[in-house]
Amino acid sequence: MRKILVAGNWKMHGSKPMVRSLLEGLLAGSSADAKADLAVFPPFPYLSLTESILSGTHIRWGGQTLNPNAKGAHTGETSGSMLVDMGCSYVLVGHSERRSIYNESDKDVALRFKAALDAGLQPVLCVGETLEEREEEQTEAVVARQLDAVITQVGIEAFARATVAYEPVWAIGTGLTATPQQAQSVHAFIRDKMTALNVIIADQLRILYGGSVKGSNAAELFAQSDIDGGLVGGASLTAEDFLAIYSAVA
Ligand code: PEP
């Protein structure tokens with residue numbers, strides 16, 4: 001595993017032709033020898049097709065969420081072991097759209113994080129403040145609360161098998177990006193918080209930035225000392241745009 005990861009969250013976008021052409025474009029434009037790992041997060045119905053195209057290649061894939069239960073009467077839901085069965089390495093937990101639209105609490109997110117680890121997946125824990133919280137100077141308090149809920153559930157050692165993504169809610173899908181300094185400041189806060197608990201885990205932890213990352217701003221963001229790559233939404237939907245971001249760090 002490299003320290004740098006560039007990951008694409010497709011959200012609820014896709015079709016079979018789009019998946020084929022996007023993944024073939026990414027395979028052609030990226031390399032196993034690059035400095036960055038590359039991963040995609042397709043909607044569940046396309047995981048099987050994704051597996052058939054990416055299996056045996058250098059690109060990894062993951063689910064956009066999972067149910068905290070291992071199995072049972074949960075109509076419409078998907079478990080961690082099912083994602084593993086589809087060849088997933090990763091799963092997103094706590095994306096702000098899950099927190100705000102589907103009312104996932106910090107505790108729900110922590111239980112999903114644990115379920116991911118139990119299934120053998122690497123959770124990508126998304127944290128971040130709303131615009132209102134930033135304006136009230138609550139950014140660090142919010143991020144600390146979101147991290148603490150997970151640390152309380154699974155312990156700091158569990159972060160040896162996890163990734164954190166700082167995604168200010170006001171920057172997701174809005175075209176507004178945190179400045180490199182704003183992002184670095186929160187990333188350093190996260191790293192320091194983890195360092196106080198376990199120096200080695202904090203040092204090895206990948207902390208991604210997400211929020212309107214584009215080819216034009218990726219290099220400056222990724223040059224910050226505590227930014228270890230990106231979680232990309234909109235710009236991960238075409239190979240050209242996503243590869244422009246990957247090239248900034250790979
Ligand atoms: C996201 O969905 O996690 C995201 C960061 O989206 P966007 O890049 O479109 O802001």
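Predicted model: local features only at pLDDT ≥ 70, side-chain atom pairs only at ≥ 80, totals over all residues.
**Cysteines.** Which cysteine sulfur is closest to that of C88? It belongs to C126, and at 15 Å the gap is too far for a bond. I needed the cut-off here: a disulfide takes two cysteine sulfur atoms within 2.5 Å. I looked from the other end too, and C126 is in no disulfide, with the sulfur of C88 as its nearest, 15 Å away. C126 is buried as well, since its relative accessibility is 1%. My disulfide tally for the model is zero.

**Helix α5.** Next I checked the length of α5, residues 106–119. Its 14 residues should span 20 Å at 1.5 Å a residue, and I got 20 Å between the end C-alpha atoms, so the two agree. Which residues of α5 are buried? I noted D106, V109, A110, R112, F113, A115, A116 and L117. After α5 comes G120, and I found its phi positive, near 95°.

**Ligand.** I then listed what sits around the ligand: 14 residues, of which K11, E167, G173, S212 and G233 come nearest. G173 uses a backbone N or O atom, 2.6 Å from an oxygen atom of the ligand. On its own the ligand has 290 Å² of accessible area, and the protein covers 96% of that.

How values were computed:
Residues numbered from 1 in each chain as written. Heavy atoms only, no water. Buried < 20%, exposed > 50% of the residue type's maximum accessible area, 1.4 Å probe, protein only. Helix = DSSP H or I, 4+ residues; strand = E, 2+ residues; numbered from the N terminus. Expected span 1.5 Å × (residues − 1). Near = heavy atom within 4 Å. Polar contact = N/O pair within 3.5 Å; in protein donor to acceptor, adjacent residues only side chain to side chain. Areas by Shrake-Rupley, 256 points an atom, 1.4 Å probe, with all protein chains shown as cover.
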